[in-house]
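Subject: Structure handover

Hello,

Here is the structure for you to look through. Please open it first, then read my notes below.

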Amino acid sequence: AEKHAGVSCVTASMDDIQFEEAARVGQIITIKAKVNRAFKTSMEVGIKVTVQDVLTDVEKVVSEAYATYVAKPAGAGKIELEPVVLLSKEDHLEHTLAIERRRIRLGYEQVFKNLMQESNNEDMFEVQDAVSTDLTHVQSIELVQPPHANHHGNTFGGQIMAWMETVASISASRLCRSYPVLKSVNMFKFWGPSVVGDRLVFNAIVNNTFQNSVEVGVRVEAYNCEEWIKNQARHINSAFLIFNNVNEKGELLTFPRIKP
């Protein structure tokens, strides 16, 4: 992203990330990224992750994702990005699809806001033998240190996602009482930055179960020293993580119903 912009960039959001394969110790991971399209002050970067088994030489796709980056100017003005140079048929296809993904993403956010406003009107229902979501609430606090940040001092988006996965996994495990497997990360959006020295508070809770999968919502808030004393949080990130529960044979197991 910074190579295309010629200036520093910050991650604004990640489209829904699906995990097709699990990467394990001893395997070779290859990560390829390229700018698919520039939108004046932002751009879409396509990311593909593959894993290769050194014993069998078999290569499989772990995940494909699309990240939106915003150019960060040195001064107060905005930076208008130059168009991407398209060299292949694949470049042209991704360039066309990028505008559709952007349209869907913006529409998705509006639909989500509407649903949140209407959710208070829904009737609560009782489910026999349901597990209370209170039992799945997990909170974790992390201190952002220099290894967790980039050369601008901003926390790596991947580091935040790793901490989110940990707290969400614990939340899901309290419901299934085993080790859940992460399948996707949805609506992963950065609402604001965090920097070295910030304390990040992660709150996770199970939102709902769907037979063989469970959704865990995670909210991330940041505090500097002054904000910590005054208890003034900055909401910097939210996401929804989907987990499966499998047995030793790799068969999907059913999650219990929950009581909100």
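Accessible area here comes from the Shrake-Rupley method with a 1.4 Å probe. By that method, the protein exposes about 16000 Å². Carbon and sulfur atoms supply 53% of that area. Keep in mind that this is a predicted model.

**Overall build**

The protein has four helices and 12 strands. Its C-alpha trace spans about 60 × 55 × 40 Å along the principal axes. How does the radius of gyration fit a compact globule? For 260 residues, such a globule would come near 18 Å. The protein has 20 Å, which agrees.

Buried residues make up 37% of the 260 residues. Now take the contacts between residues at least 6 apart in sequence. Of these, 69% join residues at least 24 apart.

**Cysteines**

How many disulfides does a search of the whole structure find? It finds zero. Cys-176 has a relative accessible area of 14%, so it is buried. Cys-225 is at 48%, so it counts as partly exposed.

Start with Arg-101. It is found in helix H2, which covers residues 89–118. Is Arg-101 buried or exposed? It counts as buried, because its relative accessibility is 15% and the cut-off for buried is under 20%.

Which residues does Arg-101 touch, leaving out those up to four places away in sequence? They are Asp-15, Asn-36, Glu-44, Tyr-66 and Glu-94.

The side chains of Arg-101 and Glu-44 meet at 2.7 Å, N to O. This pair links distant parts of the chain. Arg-101 is in helix H2 and Glu-44 is in strand E4, 57 residues apart. Glu-44 is at 1% relative accessibility, so it counts as buried.

Glu-44, Glu-94 and Arg-101 are linked in a network of salt bridges. Find these three residues on your screen and view them together.

Two of the bridges involve Arg-234.

In one, the side chains of Asp-198 and Arg-234 meet at 2.9 Å, N to O. Where do the two residues sit? Asp-198 is in the loop between strand E8 (181–190) and strand E9 (199–210). Arg-234 is in strand E11, residues 234–244.

Glu-227 is at 15%, so it counts as buried. Arg-234 is at 26%, so it counts as partly exposed.

**The loop between E4 and E5**

Next, go to the loop between strand E4 (42–52) and strand E5 (59–71). Val-54 is placed there. Its relative accessible area is 48%, so it is partly exposed.

Asp-57 is at 53% relative accessibility, so it counts as exposed.

**The loop between E3 and E4**

Lys-40 lies in the loop between strand E3 (28–39) and E4. Its phi is near 60 degrees, a positive value in a residue other than glycine. Lys-40 has a relative accessible area of 62%, so it is exposed.

**Where to look**

Begin with Arg-101, Glu-44 and Glu-94, the linked network of salt bridges.

Best wishes

Note on methods
Residues are numbered from 1 along each chain as its sequence is written. This is a predicted model: local features need pLDDT of at least 70, side-chain atom pairs count only at pLDDT 80 or more; totals for chains, interfaces and linings use all residues. Side-chain values use heavy atoms; hydrogens and water are left out. Buried means under 20% relative accessible area, exposed over 50%, partly exposed in between (1.4 Å probe, protein chains only). The radius of gyration is taken over C-alpha atoms; the globule rule is 2.2 Å times the number of residues to the power 0.38. Contact means heavy atoms within 4.5 Å. A disulfide is a pair of cysteine sulfur atoms within 2.5 Å. A salt bridge is a side-chain nitrogen of Lys or Arg within 4 Å of a carboxyl oxygen of Asp or Glu.
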